[in-house]
Amino acid sequence: MPRRLIRRLRDRLAIVRDPVTFARRVGVGVGRECRLIAIDRNTFGSEPYLVAMGDHVTVAAGVRFITHDGGVWVLRYRHPDIDVVGRITIGSNVFIGINTIVLPNVTIGDDCVIGAGSVVTRDVPSRTVVAGSPARVIRTLDEYECRSMDKALHIHRLNPEEKRRALRGLAAPGSAVPDPDLTRATLVTPRWAAAWRGSARRSH
Ligand SMILES: CC(C)(COP(=O)(O)OP(=O)(O)OC[C@H]1O[C@@H](n2cnc3c(N)ncnc32)[C@H](O)[C@@H]1OP(=O)(O)O)[C@@H](O)C(=O)NCCC(=O)NCCS
């Protein structure tokens, strides 16, 4: 079997087993309680050691971190050895939506949401929601929280069967009323939040 194929299979296995360990192994800085969904060797680009993220970060499927400007390839006939590269730094408590591209020299602050399919070309201030190409601030995190609480169903802790039952109303046209017994709010402080806030306090 060609060596490249073997390496690809070995990577796939390692990613399925534990994506965070795989990312750390190729040099990405990954904090605590991060979720790296459906990553592969290309997710973190050709310089994965230039990407670092804090705690409680979700990287949704199809996200790409680009740490170099491949465009300079067209200049290499005059400057054969040039490369333009840059770090990508992501704070803590960040959600990066599906199929987002993050370009070099970008810092994303703490408590941010990056909309699906965004192209992040500039720094993202903490506690903001950005979206689009190029990504622009569309609201603050506080505004997003208010809006989301208006729309939210409290189903995240249900098992798949309970969730299915709770969402039956949404699935069947004509009745959009989720089962109220299963969607009551539960006010909890997640384990990661307590731990992270504790460590943030210690570092100030
Ligand atoms: C960015 C996001 C969080 C915003 O949610 P929201 O605050 O409810 O925003 P709204 O739907 O009210 O949209 C506000 C504006 O932003 C625009 N917008 C929202 N999401 C966008 C996106 N991903 N890309 C470009 N524009 C977007 C809307 O078109 C709207 O523009 P308008 O005011 O000109 O009509 C959400 O749209 C999103 O992309 N979530 C991530 C989904 C995802 O990746 N899921 C993967 C699960 S693992």
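Six strands form an open sheet in the order β2-β4-β7-β10-β12-β13, with mixed pairing. Two strands pair if DSSP finds at least two bridges between them. The edge strands are β2 (35-36) and β13 (136-140), and each of these pairs on one side only. The model is predicted: local features need pLDDT of at least 70, side-chain atom pairs count only at pLDDT 80 or more, and totals for chains, interfaces and linings use all residues. Residues are numbered from 1 along each chain as its sequence is written.

The protein chain holds 6 helices and 13 strands. These are DSSP runs, numbered from the N terminus: helices are H or I with at least four residues, strands are E with at least two. Of the 204 residues of the protein chain, 24% count as buried. Buried means 20 or more other C-beta atoms within 10 Å of a residue's own, exposed means 12 or fewer, and partly exposed lies in between, with C-beta atoms placed from the backbone.

**One end of the sheet**

Strands β10 and β12 run parallel and are joined by 2 bridges. Strand β12 (residues 128-131) pairs with β13 in the antiparallel sense, over 4 bridges. In the hairpin of β12 and β13, 4 residues lie between the strands, and Gly132 takes a positive phi near 100°. Some bridge partners follow.

| Residue | Bridge partner | Strand of the partner |
|---|---|---|
| Val113 | Val129 | β12 |
| Thr128 | Thr140 | β13 |
| Val130 | Val137 | β13 |

Helix α3 (residues 141-151) lies across β10 (112-114), β12 and β13. The helix runs at about 60° to β13. Axes are lines fitted to C-alpha atoms, for helices over the stretch in contact, and angles run from 0 to 180 degrees between N-to-C directions.

Leu141 lies in helix α3. Leu141 is partly exposed because 18 other C-beta atoms lie within 10 Å. Leu141 touches Asp111, Arg127, Thr128 and Val129, not counting residues up to four places away in sequence. Contact means C-beta atoms, placed from the backbone, within 7 Å. Leu141 and Val113 are 28 residues apart in sequence, yet 7.8 Å apart in space, C-alpha to C-alpha.

**The ligand**

The ligand is surrounded by 16 residues, and the closest are Gly97, Ile98, Gly115, Ala116 and Ala131. A residue is near the molecule if its C-beta atom, placed from the backbone, lies within 6 Å of it. Strands β12 and β13 and helix α3 each give two or more residues to this shell. The shell divides into 9 nonpolar, 5 polar and 2 charged residues. Ala, Val, Leu, Ile, Met, Phe, Trp, Tyr, Cys and Pro count as nonpolar, Asp, Glu, Lys and Arg as charged, and the others, Gly among them, as polar.

Terms used. Two residues are in contact if their C-beta atoms, placed from the backbone, lie within 7 Å.
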